[in-house]
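Please look over the sequence and the model shown here.

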Amino acid sequence: MLDSFTILTKGGIVLWSKEFAKIKGSPINSLIKKVLLEERSAETSFQIDSYSLKWTFSNEFDLIFVVVYQKIFTLLYIEELLTTVKKRFIKMYKDLLLKLKESSDFIIVDKFQEFNFEVILEEVETRSKLQQTSISTPKKYEDTDKGKLVKDQKNERAIKEGRAEKVKRKEQEKKEKAERRRQNRANNINDSSDDSDDSDDSDESDSSEENSDGATKNQQQQTDVARIENSDEDEDEEITKNRNKLIAAAAKAKKSPGGYKKKVKDTPDKQPSSTGKKARTWEDGKLSKKELEALNRSENSNGTEIVREKIQKFNIDMEVSSSEDEEEAKPVSGFMKYFNVLTGNRVIDKQDLEPILADFKLHLTKKNVAPDIADKIVQSIGTGLEGKKLATFQGVTSVVKQQMEDTITRILTPKRNIDILREVQAVKGKRPYTIVFSGVNGVGKSTNLAKVCYWLTANGYKCMLAACDTFRSGAIEQLKTHADRLNVHLFERGYSKDAASVAQDAIAFAKDTGYDVVLIDTTGRMQNNEPLMKALSKLVNQNNVDLVLFVGEALVGNDGVDQLTKFDKSLSLLANTTQTHIRTIDGIILTKFDTIDDKVGAAISMVYSTGHPIIFLGTGQNYTDLKRMNIKSVVKSLLH
């Protein structure tokens, strides 16, 4: 059933490994890259290709135990196997593991080859099979707690009523009949008379009681009938009159099939007024040439003076408010004060961490981290701390705080280093570098596109804007205002055009005229709008763009995560299946970052949910209000 079992250190050294089948690829390397290094160890399992992986840690010796098996199988003993192997392995090689942890300069891996894994596997599998067989045979109702309770209550009632002998006799007869039926089934004999006899015998014991109460019941019924007749005679005349009216109204309603109809006054028909605003009709986006010209208001307006922006270089890196030394000098406060309950020179266990991590989870949610992601981060931190032994003079507060900083830093550290200036320089002179800005409505795509254009222009690159938002009224005019202020060219084809075709023409025009960068503006769309998401996927995949940026707000929590994940999935799922290289979201621009103070949780939520890096932060309304995220500053804001 298993494909492999591996024991390795957190440094990546394999101490012991056993393969039961040939494994395709490197699933354990994928686990390290995509789960362990990204602090997703709170997840219970990891699936890649046709494999499913489960693991457990030994933080005391910095070990990882990983089992690999086919994901089509449901193996119920995996958790027990991991726990048993961990206990036996540590018990067997405890002294050697301590030496290995203290000094890893020289390691003799051959000493671990004596570990007998097959014996443990056979024990666990046998125990699991026995448990399954005991669980698979369901109990009879009589053997359950509820069945026994009901039986005891019946016996007590029978003893009080003096029917104990009858009940015993009845139970004995049922047992005998059940035994006879069991024997008949074993001998393949069908006896239909048993069922009728069984039902007759089951009613015999109660027949005498029913006969004894029959006379009193008949007398009671006769008394009730007489009482009803007397009450009818004494009924009030007013009630009788009202009842007759109600019956007559009901009969009249049955005769008229049309039901109730409201009376309509005889008034002359009013003619619709010819004046007033007429509603615009849209027929699948098909408009006449005259209507298109009326809608196209992207021509230059006379008499409008454009104030051109003075382009100059600016510091795009986020400023850090205080140094690390000042931070170290501050006394312990906030949720970190709860760590003082732990003492040095001991092993941190689960009971010590539970109240502390619960407070830390609440702290993260107050910082605008999505609750489910906060729970996973807290579980990952607890997994890394549980079982860790502290030195005598080692402060618990500093150890736990360092673990939290390391965890969040690893989450925010991008897997792919996106250096736009270097990538633009690499293709300069060959073709234009293309960037697509996507996102939901009203998050600031066009404004941040203009900021990036300002930054690239200040670094000496020739930029062009492509107006591919052909849906929203005023989108081209807004982009034209930015283009005029920045003194760059705007490529546009008006409204109601195919956005992918406009982008294709813009890229071809930029290549012919020698532009270095094409910044493509797109229509704002909700993440669950499939037609618009398909149009965006067509634009991205058809034109083979270099960079796809998702523009989101720092103010939102769970909604921002939902937007990003659905944009990411839709671009790949709705892409043309014939396309060999399918592009998805590459990076994030987080806008309105200056309005959230220290509630930076949206950054953590978005990066953790998809793994995409945050490239820029929007910190204002000016063209220079564009910053690169400083991870240390975000971690500091999150932990204080």
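The sections below describe a pair of helices and then a set of salt bridges.

## Basis of the model

This is a predicted model, in which local features need pLDDT of at least 70 and side-chain atom pairs count only at pLDDT 80 or more, while totals for chains, interfaces and linings use all residues. Residues are numbered from 1 along each chain as its sequence is written, and side-chain values use heavy atoms, with hydrogens and water left out.

## Helices α18 and α19

Helix α18 spans residues 499-513 and helix α19 spans residues 530-542; their axes come within 8 Å and cross at roughly 25°. Hence α18 is roughly parallel to α19, a term for angles under 35 degrees, with over 145 counted as roughly antiparallel, 65 to 115 as roughly perpendicular and the rest as oblique. The axes are lines fitted to C-alpha atoms, for helices over the stretch in contact, and the angles run from 0 to 180 degrees between N-to-C directions. Helices (H or I, at least four residues) and strands (E, at least two) are DSSP runs, numbered from the N terminus.

The crossing of α18 and α19 is right-handed, meaning that the near helix is turned clockwise from the far one by less than a right angle. On the α18 side, Ala499, Ala500, Ala503 and Gln504 meet Lys538, Leu539 and Gln542 of α19, where contact means heavy atoms within 4.5 Å. By class, four nonpolar, two polar and one charged residues make up the contact of α18 with α19.

## Salt bridges

A salt bridge is a side-chain nitrogen of Lys or Arg within 4 Å of a carboxyl oxygen of Asp or Glu. The count comes to 11 salt bridges. One of them joins the side chains of lysine 54 and glutamate 79 (3.4 Å, N to O). Lysine 54 belongs to strand β4 (residues 51-58) and glutamate 79 to helix α2 (residues 78-92), so this pair ties together parts that are 25 residues apart in sequence. Lysine 54 counts as buried at 17% relative accessibility, whereas glutamate 79, at 44%, counts as partly exposed; buried means under 20% relative accessible area, exposed over 50%, and partly exposed in between (1.4 Å probe, protein chains only).

Another salt bridge links aspartate 375 and lysine 361 (3.5 Å, N to O). Aspartate 375 lies in helix α13 (residues 371-385) and lysine 361 in helix α12 (residues 350-366), so the pair ties together parts 14 residues apart in sequence. Aspartate 375 is partly exposed at 27% relative accessibility, and lysine 361 is partly exposed at 30%.

Technical notes: Nonpolar A, V, L, I, M, F, W, Y, C, P; charged D, E, K, R; others polar.
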